[in-house]
Amino acid sequence: MDIGRRNNVTVTGRAGGPVLVLAHGFGCDQNMWRLVAPALAEQYQVVLFDYVGSGRADPSAWDERRYSSLEGYALDVTEICEELDLRDVTFVGHSVSAMVGVLAAAKAPRRISRLVMVAPSPRYIDDDGYRGGFSAEDIDELLESLESNYLGWSAAMAPVIMGNVDRPELGQELTASFCATDPDMARVFARTTFLSDSREDLRTVTVPTLILECRQDVIAPREVGAYVRDVVPGSRLVTLEATGHCPQLSAPQATAGAITDFIAAA
Amino acid sequence: MMGRTDRSGSEPGEGQDMDAADAAFTSLLEDSAEELYEHAPCGYLSTLMDGTVAKINTTLLDWLGLDRSQVVGRMRFTDLLTVGGKLYHETHFAPLLQMKGEVSGIALDIKASAGRRMPVLVTSKVKTSEDGAPLLIRTTVFDARDRRAYEQELLRGRRAAEEARRQSEADRERLQEALAVLQQSLLPAELPAVPGLEAGSYYHTASPDLLGGDFYDLFPLDTGRWAFFLGDVCGKGPQAAAVTSLTRYTLRAAALHDADPVSVLTTLNTVLHERYRSGEGRYCTAIFGVLEPADGHADVRLASGGHPSALIQRADGGADYLPTPGGLLIGVLPEAPFVAARTQLLPGDTLLLYTDGLTEARTGPDRALYGEDALRTFTATRPSAGPQALVTALTGLLASFGDGLDDDTALLALGVPAALPTTTSENPT
């Protein structure tokens with residue numbers, strides 16, 4: 001199987017430079033990194049990809065069982081590392097991908113040497129003595145949201161596909177596919193993302209880890225960031241002056257800067 | 001009269017009408033742009049880039065059941081959303097807005113007054129400064145309660161349809177599986193090995209949804225003799241399959257009792273006629289025969305009830321039918337005459353039994369019947385390489401018919417292997 005095609009892998013940046021693998025979270029695709037990738041590409045070889053079930057990954061590779069656990073997504077990552085023979089990788093995972101990175105690093109310790117967790121949360125649902133911020137019913141509500149917006153997608157996306165793009169640098173293909181995932185696959189990814197519990201996995205991390213959180217994030221609140229820092233051995237937590245769940249979009253320079261500083265120091 | 005006068009009024013009169021209309025509109029529209037903003041039939045909202053609400057109209061505040069002072073400068077846009085809406089906003093809406101500068105028609109739920117949820121459609125656009133720096137986000141919020149209810153119905157309908165489709169696919173699979181098992185029970189799993197004989201068979205199923213009515217078998221009678229038969233029950237489907245089953249086991253049982261081909265077919269005729277006397281008649285055509293391999297050849301005695309004649313491919317080239325004319329359909333009349341024939345298969349000869357799916361296939365541009373002459377020519381021009389080779393050649397022929405072959409087709413070929421080429425002493429020692 002052609003992993004590169006399966007996961008829509010793109011490699012940019014300085015050939016032979018230290019390797020960064022940037023992994024998107026639930027919701028969109030590799031274009032989430034569009035604002036930080038150029039800055040990082042000056043120094044690093046930047047590997048971007050879409051998980052199967054997202055973006056422009058090959059839909060025929062979808063396997064509901066495999067992608068019903070984070071292990072399946074971690075397998076995508078390690079298979080990409082194998083295929084490209086990547087070594088000494090800094091894996092940057094956004095949101096749920098931070099936890100995918102933990103699993104991938106455990107699977108491929110000889111390839112993944114550092115983790116950057118962007119707005120991570122090991123457990124979204126509140127639990128005994130743990131506050132993730134959500135209840136199981138909330139997640140059902142999200143699944144409903146996905147479903148009702150699926151009906152709207154064709155209408156919402158049509159003008160974009162017709163070429164009415166204000167920001168040509170994004171390109172029509174990007175806007176047409178960005179965030180527009182197959183609803184059935186999105187539902188599986190949503191369940192896997194929001195119903196998984198990776199708290200125990202955090203304790204097993206052995207590589208240098210940077211945690212990036214936003215000052216204000218409804219999905220990964222600051223107490224979760226502190227929890228991750230406390231549990232991951234030797235990790236560093238940096239709070240970005242940004243709001244929302246996607247600092248790579250809302251504060252791209254600060255995000256790229258923090259990643260660069262971390263690699264330089266680690 | 002008045003109307004007439006008015007209507008005849010010239011341009012100045014029309015001008016007066018328009019002035020009057022303008023005045024009427026003005027008195028109605030005495031509201032300012034501010035008034036229009038506040039009480040527009042949709043919600044308006046302006047937020048800073050971090051989502052903090054900077055301005056909100058009365059319509060939206062009413063939907064939310066909140067005071068302006070509770071919201072402006074204190075809440076973010078996501079605070080107005082239900083939790084599911086928040087998650088959707090953060091994972092889809094916000095990234096899209098940040099990348100594209102605008103997002104339209106996204107379905108979200110807001111936390112309305114009295115703890116209710118209100119489905120809305122949200123459109124947001126980023127306002128930028130002249131140098132392109134984002135300044136604030138303008139958002140319109142449309143009441144989508146009716147539309148969402150309608151969509152829920154659509155979704156429910158779609159789910160029900162998908163469920164029904166899954167169910168029917170599963171049912172169909174189960175049915176086909178059952179049919180395949182049943183069909184297999186009407187045919188030998190594999191032909192037995194007969195000492196001194198070679199045999200080949202093929203069964204083409206026209207439709208996996210329909211049980212075919214063709215059947216054949218080959219089985220030992222006693223130490224030196226073998227019985228074979230091939231036939232075709234009229235019709236298709238479960239009723240035909242029931243007749244096929246009855247026919248097959250009747251033939252086998254009758255043959256053990258008295259293997260004379262005419263006697264066997266007579267017994268079958270009696271059984272079928274008895275069984276289906278009342279109601280819709282069920283009948284079949286068949287050839288039944290007995291093979292007796294002897295020293296280097298095989299004697300064949302067979303009888304036919306309304307079935308196409310067997311064809312013999314001769315070792316020395318050529319092919320001929322073994323005529324069995326006049327045999328009656330089996331099961332139609334209480335007593336029926338059946339026609340017997342005998343022949344001898346020499347080494348390299350092959351006896352072919354087939355059902356009319358083969359000869360009645362449609363071929364060529366004018367969809368003409370393939371026919372018995374064509375079958376004989378085809379067989380005669382194949383090298384005499386034994387039953388299996390002949391069956392393979394005929395299988396290829398059937399495949400070449402494409403959709404011209406619309407009936408089930410059974411083939412059974414029996415022959416005496418050609419004598420091994422005598423190893424002459426070309427290399428005398």
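The structure is a predicted model, in which local features need pLDDT of at least 70 and side-chain atom pairs count only at pLDDT 80 or more, while totals for chains, interfaces and linings use all residues. Residues are numbered from 1 along each chain as its sequence is written, and chains are lettered from A and ligands numbered from 1 in the order in which they are written.

**Confidence in chain A**

- The average pLDDT (the predictor's confidence in each residue, from 0 to 100) of chain A is 87, and 87% of its residues score at least 70.
- In residues 151-176 of chain A the pLDDT falls below 50, yet beyond near neighbours in sequence this stretch has 30 contacts in the model; two residues are in contact if their C-beta atoms, placed from the backbone, lie within 7 Å.

**Make-up of each chain**

- Chain A has 11 helices and 7 strands, whereas chain B has 12 helices and 17 strands; helices (H or I, at least four residues) and strands (E, at least two) are DSSP runs, numbered from the N terminus.
- Of the 266 residues in chain A, 52% are buried, and of the 429 residues in chain B, 36% are buried.
- A residue is buried if 20 or more other C-beta atoms lie within 10 Å of its own, exposed if 12 or fewer, and partly exposed in between, with C-beta atoms placed from the backbone.
- Among contacts between residues at least 6 apart in sequence, 75% in chain A join residues at least 24 apart; in chain B, 62% of the contacts with a separation of 6 or more are between residues 24 or more positions apart.

**Interface between the chains**

- At the interface, 34 residues of chain A are in contact with 29 residues of chain B.
- On the chain A side, the elements giving two or more residues are α5 (136-161) and α10 (247-250), and the largest share, 13 residues, comes from α5(A).
- That side has 16 nonpolar, 12 polar and 6 charged residues; Ala, Val, Leu, Ile, Met, Phe, Trp, Tyr, Cys and Pro count as nonpolar, Asp, Glu, Lys and Arg as charged, and the others, Gly among them, as polar.

**A helix pair in chain B**

- Helices α8 (residues 237-257) and α9 (residues 261-275) of chain B pack at an angle of about 140°, with their axes 9 Å apart.
- Axes are lines fitted to C-alpha atoms, for helices over the stretch in contact, and angles run from 0 to 180 degrees between N-to-C directions.
- The angle makes α8(B) oblique to α9(B), since angles under 35 degrees count as roughly parallel, over 145 as roughly antiparallel, 65 to 115 as roughly perpendicular and the rest as oblique.
- Residues of α8(B), including B:L246, B:L251 and B:A254, meet residues of α9(B), including B:V264, B:L268 and B:R275.
- The residues of this contact divide into 8 nonpolar, 3 polar and 1 charged.
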